[in-house]
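Here are some notes for a colleague who is meeting this structure for the first time. Please read them with the model open beside you.

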Amino acid sequence: NKRLLRTCVGDLAFEAALLKNVDHENIIVLHGVQEGNMLDQMKKGHFFIVLDLLAETLECRLEKWKKEKKRVNFQSETGEFAKTRLKDVAMGVVKGMEYLHSKKILYR
């Protein structure tokens, strides 16, 4: 579908342009974008962008911790460690969103 392809290309180009102009420890880093016309490159199946390796998504990490929670007593020392991990992840998200908002970028 050509219309959908154009929309997707536009979204990808917009996101790449945003990532190129942000620098924060809690936001993935854009290292490069293939040169040339993005739409033409994607039609040929040749377009690529280079990002940091994302080992796991937030959703996957929370799911893993949810399974661990069933085995952990949250009153124990291990439970306190789990609470600290969750708080650290939440604060990372908050700091990243705060940074984006300071740049007048709305993430949805």
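1. The face of helix 1 turned away from its buried side carries Arg-3, Arg-6, Asp-11 and Phe-14, which are exposed (over 50% relative accessible area with a 1.4 Å probe and protein chains only, where buried is under 20% and partly exposed in between). Helices here are DSSP runs of H or I with at least four residues, and strands are E runs of at least two, numbered from the N terminus.

2. This is a predicted model, in which local features need pLDDT of at least 70 and side-chain atom pairs count only at pLDDT 80 or more, while totals for chains, interfaces and linings use all residues. Residues are numbered from 1 along each chain as its sequence is written, and side-chain values use heavy atoms, with hydrogens and water left out.

3. The buried residues of helix 1 are Val-9, Ala-16 and Leu-19. Seen down the helix axis, they fall within an arc of 95 degrees, and so they line one face of helix 1; the arc is taken from the directions from the helix axis to the C-beta atoms.

4. The end C-alpha atoms of helix 1 are 27 Å apart, which agrees with the 27 Å that its 19 residues should span at 1.5 Å a residue (the expected span being 1.5 Å times one less than the number of residues).

5. His-24 sits in the loop between helix 1 and strand 1 (30–33), and His-24 is buried, with a relative accessible area of 19%.
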